Each structure stands twice: as C-alpha cells, then as structure tokens.
Amino acid sequence: MDIRLKFGLRVKELRLERKLSQEALANLAGIDRTYMPGIEKGLRNVSIIVVEKLAIALKVELNELF
C-alpha cells in the first residue's frame with residue numbers, strides 16, 4: 001500500500017475517533033478544507049509542515065500518524 005494512502009487512512013481514523021468532520025479538522029489544523037479529502041484518499045503528498053499541523057490538531061505525537 002502506498003505510504004500516502006496509509007497516512008491518509010490513519011488521519012481519517014484519528015479524525016473519526018474524535019468525531020470531527022473533514023472541515024473541522026482542516027480548520028483546527030489551519031489548512032484549506034478542500035485539501036482534506038485528498039489527504040485522506042492518499043492523493044496528496046503532504047509536507048512535513050502539514051503533518052505537524054495535523055498532529056497538533058488531532059492532539060497526537062507525530063509518530064502516532066504513521
């Protein structure tokens with residue numbers, strides 16, 4: 001499985017555990033809401049900056065996203 005898809009599925013899993021919509025997570029992370037579906041589907045090659053923003057928004061350590 002592609003690393004982008006694995007990452008996206010993990011983000012989605014954590015988002016759903018926290019009962020957040022994609023839009024709510026995007027707002028918490030300070031990223032555009034239209035970017036989230038591409039991340040979760042593994043279509044985006046996210047930067048380490050975005051990874052950090054998502055970890056902070058999801059209140060997890062970076063390693064928990066991988």
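This is a predicted model: local features need pLDDT of at least 70, side-chain atom pairs count only at pLDDT 80 or more; totals for chains, interfaces and linings use all residues.
K59 has a positive phi of about 60°, although K59 is not a glycine. Is K59 buried or exposed? At 75% relative accessibility, K59 counts as exposed, because the cut-off for that word is over 50%.

K19 also has a positive phi, near 55°, and K19 is not a glycine either. You can find K19 in the loop between α1 and α2. K19 is exposed too, with a relative accessible area of 73%.

The largest nonpolar core has 20 residues, and F7, L25, I31, M36, I39, L54 and L65 touch the most other members. Which elements give two or more residues to this core? They are α1 (3-17), α2 (22-29), α3 (36-40) and α4 (48-58). The most comes from α4, with six residues. As a general picture, nonpolar side chains tend to be buried together in soluble globular proteins.

Take I31 as an example. Leaving aside neighbours within four places in sequence, I31 is in contact with A26, M36, I39, V50, K53 and L54.

Why does E40 count as buried? Its relative accessibility is 5%, and buried means under 20%. Again leaving aside neighbours within four places in sequence, E40 is in contact with L5, G8, L9, V11, K12, R15 and Q22.

Notes: Residues are numbered from 1 along each chain as its sequence is written. Side-chain values use heavy atoms; hydrogens and water are left out. A nonpolar core is a set of buried Ala, Val, Leu, Ile, Met, Phe, Trp, Tyr and Cys residues joined through side-chain atoms within 4.5 Å. Buried means under 20% relative accessible area, exposed over 50%, partly exposed in between (1.4 Å probe, protein chains only). Helices (H or I, at least four residues) and strands (E, at least two) are DSSP runs, numbered from the N terminus. Contact means heavy atoms within 4.5 Å.
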